[in-house]
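Please look at the sequence and the model before reading on, and try to trace the chain from one end to the other. The report below is meant to be read with both in view.

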Amino acid sequence: MAHNEQRIVVADGTFQASSHYPQQGSGYFTIRNDDGNDHLLKGITSPVCTTVMAHHTDQEQTPGANDLFNHLALPPNSTMIFPPAGYHLLCEGVTSMPPTGSHVPFTFHFLKGSDITVSFTVTAPDPNSFD
């Protein structure tokens, strides 16, 4: 778990290699805004990914959905969960998948605020997932 001075918290991050696409992985996390003001997430980066975008396994991919993490408003005093069965982050361009049990840094960038870097724990691929 990590937080910044705007009282935004990123917690419970896990990163899972795709069992079908060797250069992709999925990230799941919770983001919480403990501040009385709204904040805007303007992107997520990681040294493991060439591109990070939003993805929903059960919905059609559109440019707007892909860019969700580039303009996500975090309402005051709110919590958003990005689980395997909903919107989550898709890491593309992985050249070397980190081993299960290791940690991958993801940095969350905010408009007019400080960044948050949090370690996601690498978990084993789910053979039933089609990410």
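## The chain as a whole

This is a predicted model, and the values given here were computed from it. The chain contains one helix and ten strands, and when these are read along the sequence they follow the pattern β-β-β-β-β-α-β-β-β-β-β.

Of the 131 residues in the chain, 47% are buried. The chain exposes about 6700 Å² of surface, and carbon and sulfur atoms supply 53% of that area.

## Strand 2 and its partners

Strand 2, which covers residues 8–17, is mostly covered, since eight of its ten residues are buried. Strand 2 pairs with strand 3 in the antiparallel sense over eight bridges, and these two strands form a hairpin with six residues between them. As an example of this pairing, alanine 11 has threonine 30 in strand 3 as its bridge partner.

Strand 2 also pairs with strand 10, residues 116–123, but here the sense is parallel and there are three bridges. In this pairing, the bridge partner of phenylalanine 15 is valine 122 in strand 10.

## Strand 4 and its partners

Strand 4, residues 39–45, pairs in the antiparallel sense with strand 6, residues 72–74, over three bridges. Within this pairing, leucine 41 has leucine 72 in strand 6 as its bridge partner.

Strand 4 is joined to strand 9, residues 103–110, by four bridges, and these two strands also run antiparallel. Here the bridge partner of threonine 45 is threonine 107 in strand 9.

## Aromatic rings

A pair of aromatic rings is described by the distance of the centres and the angle of the planes. How many aromatic pairs does the structure hold? There are eight aromatic pairs in the structure. In one of them, the rings of phenylalanine 15 and phenylalanine 106 have centres 5.7 Å apart and planes at 50 degrees, so this pair is tilted. The pair links distant parts of the chain, because phenylalanine 15 lies in strand 2 and phenylalanine 106 in strand 9, 91 residues apart. Phenylalanine 15 has 0% relative accessibility and therefore counts as buried, and phenylalanine 106, also at 0%, counts as buried too.

The rings of phenylalanine 29 and phenylalanine 108 have centres 5.1 Å apart and planes at 75 degrees, so this second pair is edge-to-face. Phenylalanine 29 is in strand 3, residues 24–33, while phenylalanine 108 is in strand 9, and the pair links these distant parts of the chain across 79 residues. Both phenylalanine 29 and phenylalanine 108 are buried. Ring pairs link Phe15, Phe29, Phe106 and Phe108, together with Phe69, Phe82 and Phe120, into a cluster.

## The disulfide

A disulfide is a covalent bond between the sulfur atoms of two cysteines. A search of the whole structure finds one such link, and it joins cysteine 49 to cysteine 91 with a distance of 1.9 Å from S to S. The angle about the S-S bond is -110 degrees, and the link of cysteine 49 and cysteine 91 is left-handed.

Where in the chain do the two cysteines lie? Cysteine 49 is in the loop between strand 4 and strand 5 (51–56), whereas cysteine 91 is in strand 8 (residues 87–92), so the pair ties together parts that are 42 residues apart in sequence. Cysteine 49 and cysteine 91 are both buried.

## Two residues with a positive phi

Aspartate 12 is not a glycine, yet it has a positive phi of about 60 degrees. This residue is found in strand 2, and with a relative accessibility of 62% aspartate 12 counts as exposed.

Asparagine 77 is likewise not a glycine, and its phi is positive at about 50 degrees. Asparagine 77 is found in the loop between strand 6 and strand 7 (78–82). Is asparagine 77 buried or exposed? Its relative accessibility is 58%, and because a residue over 50% is called exposed, asparagine 77 counts as exposed.

Notes. Residues numbered from 1 in each chain as written. Predicted model: local features only at pLDDT ≥ 70, side-chain atom pairs only at ≥ 80, totals over all residues. Heavy atoms only, no water. Pairing = 2+ DSSP bridges. Disulfide = S-S within 2.5 Å. Buried < 20%, exposed > 50% of the residue type's maximum accessible area, 1.4 Å probe, protein only. Phe/Tyr/Trp six-rings, centres within 6.5 Å; stacked < 30°, edge-to-face > 60°. Areas by Shrake-Rupley, 256 points an atom, 1.4 Å probe, with all protein chains shown as cover.
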